[in-house]
Amino acid sequence: MKYEFEIEDRVLHLLQPAGTSRGVYRERRSWFVTLTDAAGHSGIGECAPLPDLSCDDIPEYGKVLSGFAEKLCREGEMPLEELRQYPSMLFGLETAMLSLKRGGSRLSDTPFADGKEGIPINGLVWMGTFDEMLPRLEEKLKCGFRCVKVKIGAIDFGDELRLLRLIRSRFSKEYVELRVDANGAFKPDEALMRMEQLSHFDIHSIEQPIRQGNRDTLARLCRETPLPIALDEELIGVNGGDEKKGLLEQVKPQYVVLKPSLHGGMAGTREWVETSAALGIGSWITSALESNVGLNAIAHLCASLYGSHITIPQGLGTGRLFADNIPMPLEVVGDELWYRGDESQIII
């Protein structure tokens, strides 16, 4: 065996319910993989599939993950092709290996890793009633966020429009960039009309307006839309390079939103970014309710992929959501995420 491994299954608890059109998350289950070499050096990664969403949200997840970890330790190489179908496992194992090789949590050679630059991030307003969402939104603006993403699709659409109208009555698009995320909540025959209503509020983009799996309709919406469409769930399970290119060429979205735990790990995310850029499609990266272990890896990946002076706000503001998160050298200052040094040993 070239390495040894340990896997810990842990449940983290959200400070407040995280509502989407698909349901409400109150806790988050993750599998933490620790790889150790013969010299006693170790690295940690997080495998965190989203229930009812990840393509590798499968029975006996831990057993399958252990099999891949054992093969990695025995052969000393990542079984990348086999892991393409298991993106959250791939991401966790990639992170653990990178952490092992780099000796801690500094997972890139970037100005971000040097503590010289922060990554701009959006504030996230989870779904709730109008009376719940309004103070959440006001809190994000008070904290200094210049880009806010609002989850929509679970309450009365008129109330959601009222909330957006209130924002725009106070803050112009030059002051606050607004994104909305429907998580596939709109019916295909109503999506265009609803996007036309949303367009009156200078919306930057809408994520996944209809459920994934209806590419012809989605392609039509991307052609006719009055506001930019960003694909998210549509990318789940599309793991091969030719598949990715084929989807993007058919649908022609304005953006893709990439979550390494859902969209192919680090390797798959890089492939999505490169393929999208070649087709003139924009992209940004977000976390998917991982703990700080996963968030740290995603932030370093983001910094290495997009380079210095990132201008598009990324979705990396989830570190404060948990009551029992794992300490990492990350800090949100205003609307930027900063890396504040290295912890060679992270205790989980």
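1. K252 sits in the loop between α8 (241-251) and β10 (255-258). Helices (H or I, at least four residues) and strands (E, at least two) are DSSP runs, numbered from the N terminus. K252 has a positive phi of about 55 degrees, although it is not a glycine. Most residues other than glycine have a negative phi. At 55% relative accessibility, K252 counts as exposed. Buried means under 20% relative accessible area, exposed over 50%, and partly exposed in between (1.4 Å probe, protein chains only).

2. A word on the source. This is a predicted model, in which local features need pLDDT of at least 70, side-chain atom pairs count only at pLDDT 80 or more, and totals for chains, interfaces and linings use all residues. Residues are numbered from 1 along each chain as its sequence is written, and side-chain values use heavy atoms, with hydrogens and water left out.

3. E60 also deserves a look. E60 is not a glycine, yet its phi is positive, about 55 degrees. Find E60 in the loop between β3 (42-47) and α1 (61-75). E60 counts as exposed, with 58% relative accessibility.

4. Next, the largest pocket. It holds about 710 Å³ of space. Among its 37 lining residues, the closest to its centre are L124, W126, G317, T318 and L321. On a 1 Å grid over the protein atoms alone, a pocket is an open set of points where a 1.4 Å probe fits, with protein on both sides within 12 Å along at least five of seven lines; lining residues have an atom within 4 Å of a point. Grid points are joined across faces, edges and corners, and a volume is the space filled by probe spheres set on the points.

5. What lines the largest pocket? β1 (4-20), β5 (123-125), α4 (130-142) and β6 (147-151) each supply at least two residues of the lining. By class, the lining has 15 nonpolar, 10 polar and 12 charged residues. Ala, Val, Leu, Ile, Met, Phe, Trp, Tyr, Cys and Pro count as nonpolar, Asp, Glu, Lys and Arg as charged, and the others, Gly among them, as polar.

6. The second largest pocket has about 180 Å³ of space. Its lining includes Y25, W31, P49 and Y61. Strand β2 (residues 23-36) gives the most to this lining, with 5 residues. The classes here are 6 nonpolar, no polar and 5 charged residues.

7. Now helix α10 (residues 292-306). α10 has 15 residues and reaches 21 Å from its first C-alpha to its last, close to the 21 Å expected at 1.5 Å a residue. The expected span is 1.5 Å times one less than the number of residues. Since 13 of the 15 residues of α10 are buried, α10 is largely enclosed by the rest of the structure. Just after α10, G307 takes a positive phi of about 80 degrees.

8. The largest nonpolar core has 65 residues, and those with the most contacts inside it are V148, F186, L198, I206 and L316. Helix α10 gives the most to this core, with 8 residues. Another core lies apart from it, with 18 residues, among them V33, A69, L72 and L100. A nonpolar core is a set of buried Ala, Val, Leu, Ile, Met, Phe, Trp, Tyr and Cys residues joined through side-chain atoms within 4.5 Å.

9. Leaving aside neighbours within four places in sequence, its contacts include I119, I285, L295, I298 and L337. Contact means heavy atoms within 4.5 Å.

10. Is N122 buried or exposed? N122 is buried, with a relative accessible area of 5%. N122 lies in the loop between β4 (119-120) and β5. The C-alpha atoms of N122 and F145 are separated by 6.5 Å, though these residues are 23 residues apart along the chain. Not counting residues up to four places away in sequence, N122 touches F145, C147, K149, R179, P313, Q314 and G315.

11. D202 is partly exposed, with a relative accessible area of 38%. Its place is the loop between α6 (191-198) and β8 (203-207). Beyond neighbours within four places in sequence, D202 is in contact with R168 and K173.

12. I281 is in the loop between α9 (265-278) and β11 (282-285). I281 is buried, with a relative accessible area of 9%. Leaving aside neighbours within four places in sequence, its contacts include L248, P253 and Y255.
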